[in-house]
Amino acid sequence: MRSHKLTARRLTLYGMMIALAFVFSYLEHLIPFNIGIPGVKLGLGNIVVLLSLYTLGTSGAFLIAVLRILLIGLTFGGMFSMFYSLAGGLLSFTIMALLKRWKIFGVTGVSICGGVCHNVGQLIVAMLVLETGSVWYYFPVLLVTGALTGTAIGAAGALMTARLQKYIHG
């Protein structure tokens, strides 16, 4: 059982993870990745969220996920982009945390579900904001892209988690 006492070591680790997630998200903004569908991104910052979920636990990973979204939204986006990202991120995080707890999938499977759910959360917000269900025609493309990016993020997260476990808990 993990201790959730906020020690200097744990606080430093959280700060490093938030900074790393921010840097990965910033790098993603620099990479030209446009397939012609609004909202499709690689999700590089989610590597850190996934890594945190498996190494720091649910509450620490949740804090990192929310702070990453808020910092990126304030730095590079606006209120609407932050709202969309929060909706997708919160749904994604909830599903990933549940799947991890239930041990249904490994790290990559959890990430794939998270990638797809992130897109579903954003589609729900788009449907509410635009007051139309017609945005669901994006779903098949977002399902595929969420699964592909979720696979890449999950593979990277699984590799990093396996290598960093001993350093984080050591």
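Which residues is Val 107 in contact with, leaving aside its neighbours within four places in sequence? I begin my notebook with this question, and record the answer once the ground rules are down.

**Ground rules.** I am working with a predicted model, in which local features need pLDDT of at least 70 and side-chain atom pairs count only at pLDDT 80 or more, while totals for chains, interfaces and linings use all residues. Residues are numbered from 1 along each chain as its sequence is written, and side-chain values use heavy atoms, with hydrogens and water left out.

**Entry 1, Val 107.** I looked up the contacts (heavy atoms within 4.5 Å) and noted Leu 50, Tyr 54, Gly 154, Gly 157 and Ala 158 as the partners of Val 107. Val 107 itself is found in helix α5, where helices are DSSP runs of H or I with at least four residues, numbered from the N terminus. With a relative accessible area of 15%, Val 107 is buried; the word means under 20% relative accessible area, whereas exposed means over 50% and partly exposed is in between, with a 1.4 Å probe and protein chains only. I also checked Leu 20, which is 87 residues from Val 107 along the chain, and the C-alpha atoms of the two are separated by 19 Å.

I followed helix α1 (residues 8–30) to where its axis comes within 7 Å of the axis of helix α2 (residues 45–55), and noted that the two cross at roughly 155°. That angle makes α1 roughly antiparallel to α2, since angles over 145 degrees count as roughly antiparallel, under 35 as roughly parallel, 65 to 115 as roughly perpendicular and the rest as oblique. The axes are lines fitted to C-alpha atoms, for helices over the stretch in contact, and the angles run from 0 to 180 degrees between N-to-C directions. On the α1 side I listed Met 17, Leu 20, Ala 21, Phe 24, Ser 25 and Glu 28, which meet Gly 45, Ile 47, Val 48, Leu 51, Ser 52 and Thr 55 in α2. The residues of this contact divide into seven nonpolar, four polar and one charged, with Ala, Val, Leu, Ile, Met, Phe, Trp, Tyr, Cys and Pro counted as nonpolar, Asp, Glu, Lys and Arg as charged, and the others, Gly among them, as polar.

Leaving aside neighbours within four places in sequence, Ser 25 is in contact with Gly 45, Arg 68 and Ile 72. Turning to α2, I noted that 10 of its 11 residues are buried, among them Val 49, Leu 50 and Tyr 54. After α2 comes Gly 57, whose phi is positive, near 100°.

I looked up Ala 65, which lies in helix α3 (residues 58–76) and counts as buried at 8% relative accessibility. Beyond its neighbours within four places in sequence, Ala 65 is in contact with Val 49 and Phe 93. Ile 69 is in helix α3 too, and is buried with a relative accessible area of 6%. Not counting residues up to four places away in sequence, Ile 69 touches Met 82, Ser 85, Leu 86 and Gly 89. Ile 69 and Phe 22 are 47 residues apart in sequence, yet 8.6 Å apart in space, C-alpha to C-alpha.

The buried residues of α4 include Met 82, Ser 85, Gly 89 and Phe 93, and what covers the buried residues of α4 includes α2, α3 and α5 (107–130). I noted that α4 and α5 pack at an angle of about 140°, with their axes 7 Å apart. By class, the contact of α4 with α5 has 15 nonpolar, 10 polar and one charged residues.

Lys 103 lies in the loop between α4 and α5, and its phi is near 55°, a positive value in a residue other than glycine. With a relative accessible area of 69%, Lys 103 is exposed. Glu 131, found in the loop between α5 and α6 (139–168), likewise has a positive phi, near 55°, and is exposed with a relative accessible area of 74%.
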